[in-house]
Amino acid sequence: IDKKKVILVDHNETTQSVDGLEEAEILEIIDHHKIGVVTTNMPINFRNMTVGSTNTIIYSLYNESNVAISKDIAGIMLSGIISDTLKFTSPTTTEYDKFVAERLSNIAGINIDEYANKMFKAGTNLKGKTIEQIIDSDLKVFDEKNKKIAIAQLITLNSEEILNKKEEYISKLNKKEMHMHFYLL
């Protein structure tokens, strides 16, 4: 039976990957996070850089391969950089992230400031989401010394939506924490 072949992008920890990863053949890893516990049977390409977004690394790979980036792909990659770096305000943001974002915005024909404002407004809208969906936003589970630790991340421009239901959120988080050693939102 042929193993499925996978490339891990924007993560390198088995707990953050797809079910069945242990039965697949990992061909490559492209990431900007800390290096986790992933083992392979063969040497692989592993690109890990201290930048604010994996899309910055992917831009480098396009350039190294002399492959042109289409307008649509440039827009997608720019979205990732803006999101990951919180429009260059995250402490992980590098000058290279900003340089790449500018290049991608030129290819895509996008004004970074206007686009970021629209993107964050749309992306932080909690309307229609359940409390469970909100507290599982951007959830990452880590296995540290045989203890499961869950960290979810939420960005909203309207904290009142959360604070108005504070007790419900606390109750749901307490139930989630029963299955983990620690659950942080």
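Tutor: Start with the hairpin of β4 and β5: two residues lie between the strands, and Lys145 takes a positive phi near 50°. Strands here are DSSP E runs of at least two residues and helices are H or I runs of at least four, numbered from the N terminus. This is a predicted model, where local features need pLDDT of at least 70, side-chain atom pairs count only at pLDDT 80 or more, and totals for chains, interfaces and linings use all residues. Residues are numbered from 1 along each chain as its sequence is written, and side-chain values use heavy atoms, with hydrogens and water left out.

Student: How many bridges join β4 to β5?

Tutor: Five, between residues 140-144 and residues 147-151, and the two strands run antiparallel. Strands count as paired if DSSP finds at least two bridges between them.

Student: And what does Glu144 stand opposite?

Tutor: Lys147, in β5.

Student: Why does Ile155 count as partly exposed?

Tutor: Because its relative accessible area is 38%; buried means under 20%, exposed over 50%, and partly exposed is in between, with a 1.4 Å probe and protein chains only.

Student: Switching topic: which residues have the most contacts inside the largest nonpolar core?

Tutor: Tyr59, Ile69, Leu78 and Leu104, in a core of 13 residues. At least two residues each come from α2 (71-85), α3 (95-108) and α4 (112-123), and α2 gives the largest share, five. Such a core is a set of buried Ala, Val, Leu, Ile, Met, Phe, Trp, Tyr and Cys residues joined through side-chain atoms within 4.5 Å.

Student: What is Ile69 in contact with?

Tutor: Setting aside neighbours within four places in sequence, the partners of Ile69 are Tyr59, Tyr62, Ala74, Met77, Leu104 and Ile107.

Student: How much of the whole chain counts as buried?

Tutor: 31% of the 185 residues. The chain has seven helices and six strands, and its C-alpha atoms fill a box of roughly 55 × 50 × 30 Å along the principal axes.

Student: One last thing: in what order do the elements run?

Tutor: From the N terminus, β-β-β-α-α-α-α-α-β-β-α-α-β.

Note on methods. Contact = heavy atoms within 4.5 Å.
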